[in-house]
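The stops below go through side-chain contacts one at a time.

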Amino acid sequence: MLKLARSARPAAIVLVVGLVAGGSSTTVGTTPAGVASGSAASRTDPVVALVNASSPAGNLFNGQFCGGVLVAADLVLTAAHCVRERRHGSVDAVVGADNLCRDAPVQGRRLHVRSVILHPRTGDGPAVDAALLVLAGTVGTDPARVPAPGGRSPSTGTVFGWGRNGYGGVAPCRRTPVPLRFVPVDRCVRAQRNLDVVPNPDWQSCAVPGKSATRNTCTGDSGSPLIADTGPATVLAIVSWGPSCRVHDVGVYVRASALRSWIAGYRDPQERPR
């Protein structure tokens, strides 16, 4: 099950970075995105909501469909299945967003998505379910760090997104944390045996909710980042797919470290497709 949310108007999507004109960013709400380095709040600053570009500033909630994470001043990492079938002109991104509901201040910076770069192995199936969104401007928020491959990875982290609280459940107005712990890939393979896809350990990790969790990642969480619990904001993985939203089910996450060299290749605007 891909963890892609509903969208009120599929033709006009927004990442949580908002709609802008002329390539400049617009401040949404009054709360500054930057806070003290190393605090719990600062680790969520690079979190991005993807929304319909046509969504009104006072009601992004109904236009939200996926999440993402800022990995450079004008680059957002998300799941490829979130944007593969969408026109990039129909998507906005809101960086540092929190409450998306009608008439509530929306924290963060809203930017239009200028272009979409799919991972070159996206066509091989869900093994590399990753895309980079090139924003029409830059934001002052510090991007998340991407760990180097081969390093020691934390055993736990937290996903921040706007996914539903279960099948048939309600999507939250506010960004919701879901604590996760990584599990061996063989457990993930067993859990997915009734599906037509098998996790690839070269690109993917598997995780289940931690003991304190009351929900799993679910519809609307696709592309949302799994952030390390300590230290500077570091994206460990992004939400991809899983068999269900049940709290004890294992989910599949694309490892950020496996994407590091690909992301680095597009941090220079001269290297991007035109």
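Select Arg86 and Phe65. Arg86 lies over the face of the Phe65 ring, at 4.1 Å from the ring centre. The model is a predicted one, and every distance on this tour is computed from it.

Next, select Trp262 and Tyr266. They form the 1 aromatic pair that a search of the whole structure finds. How are the two rings of Trp262 and Tyr266 arranged, given their centres and planes? The centres are 6.3 Å apart and the planes stand at 80°, so the pair is edge-to-face; the cut-off for that class is over 60 degrees. Colour by accessibility here: Trp262 has 10% relative accessibility and counts as buried. Tyr266 is buried as well, at 19%, where the limit is under 20%.

Now turn to the salt bridges, of which the structure holds 4.

Select Asp92 and Arg110. Their closest N and O atoms are 3.0 Å apart. Which elements does this pair tie together? Asp92 lies in strand E6 (residues 91–95) and Arg110 in strand E7 (residues 109–118), so the bridge links parts that are 18 residues apart in sequence. Both Asp92 and Arg110 are buried.

Move to Arg215 and Asp221. This salt bridge has its closest N and O atoms 2.6 Å apart, and both residues are buried.

Finish at Arg246 and Asp249, a salt bridge with the closest N and O atoms 3.0 Å apart.

Notes: Residues are numbered from 1 along each chain as its sequence is written. This is a predicted model: local features need pLDDT of at least 70, side-chain atom pairs count only at pLDDT 80 or more; totals for chains, interfaces and linings use all residues. Side-chain values use heavy atoms; hydrogens and water are left out. Rings of Phe, Tyr and Trp (its six-membered ring) pair if their centres lie within 6.5 Å; planes under 30 degrees apart count as stacked, over 60 as edge-to-face and the rest as tilted. Buried means under 20% relative accessible area, exposed over 50%, partly exposed in between (1.4 Å probe, protein chains only). A charge sits over a ring if NZ of Lys or CZ of Arg is within 6 Å of the ring centre and within 35 degrees of the ring normal. A salt bridge is a side-chain nitrogen of Lys or Arg within 4 Å of a carboxyl oxygen of Asp or Glu. Helices (H or I, at least four residues) and strands (E, at least two) are DSSP runs, numbered from the N terminus.
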